[in-house]
Amino acid sequence: MSARSKPKILLTGTPGCGKTTLINRVVKKLNRPVRGFFTSEIRKKGTRVGFEVETFSQPSRRGILSRIDIKSRHRVGKYGVDIETFEDIVLPEVRIGMQMNSLIVIDEIGKMELFSSRFKDMLANLFESDTALLATILVKPHPFCDKLKSCDDVELITVDRGNRDKLVEEIVSKLG
């Protein structure tokens, strides 16, 4: 990473290792504007039935990313993905954040999100910009994600249960 460019940090690791928790802890410790989104599980009677997306901006915007009962040609396992709702919430949030020179936080660049060509276009612009970024990304090989991971100014950090707590302060110091 050059001295002039703002950090672009990608967190990767197996599902359930704590990437989302790490991102939320980092955001709480930062004293700077943050825009972007995080995903969380939707549970019904203790069973996961889907995922929702929520913005970091206040007031936050929230919507369904995927659910088992959504009829969609875009599916990941048993979940139908609602691309339209995802784009309506996420794209304006990131665009405004880039205009405001905020830190952009994206949780996550994953299979469901990558069904959106508009999201992929926005990511390409973001990675070409001088905007600071903290994001989680698929650990498994994926052509689009592999390209992002290999960008010269990207720092790729593998998260696991053993290092996720100590990474909070390390990432906060890099993002200031």
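## Burial of F37 and F86

F37 and F86 are both buried. The model in which they occur is predicted.

## The F37–F86 pair

A search of the whole structure gives 5 aromatic pairs. One of them joins F37 and F86 in an edge-to-face arrangement, with 5.7 Å from centre to centre and 85° between the planes. F37 belongs to strand β2 (residues 34-44), while F86 belongs to helix α2 (residues 83-99).

## The F51–Y79 pair

The ring planes of F51 and Y79 meet at 70°, which is over the 60 degrees required, so this pair is edge-to-face as well. The centres of the F51 and Y79 rings are 5.5 Å apart. F51 is located in strand β3 (residues 47-55) and Y79 in strand β6 (residues 79-81), so the contact ties together parts of the chain 28 residues apart in sequence.

F51 has a relative accessible area of 16% and is therefore buried, since the limit is under 20%. Y79 has a relative accessible area of 7%, so Y79 is buried by the same cut-off.

## A lysine over a ring

Apart from the ring pairs, there is a contact between a lysine and a ring. K120 lies over the face of F144, at 5.4 Å from the ring centre.

Note on methods:
Residues numbered from 1 in each chain as written. Predicted model: local features only at pLDDT ≥ 70, side-chain atom pairs only at ≥ 80, totals over all residues. Heavy atoms only, no water. Phe/Tyr/Trp six-rings, centres within 6.5 Å; stacked < 30°, edge-to-face > 60°. Helix = DSSP H or I, 4+ residues; strand = E, 2+ residues; numbered from the N terminus. Buried < 20%, exposed > 50% of the residue type's maximum accessible area, 1.4 Å probe, protein only. Lys NZ or Arg CZ within 6 Å of the ring centre and 35° of its normal.
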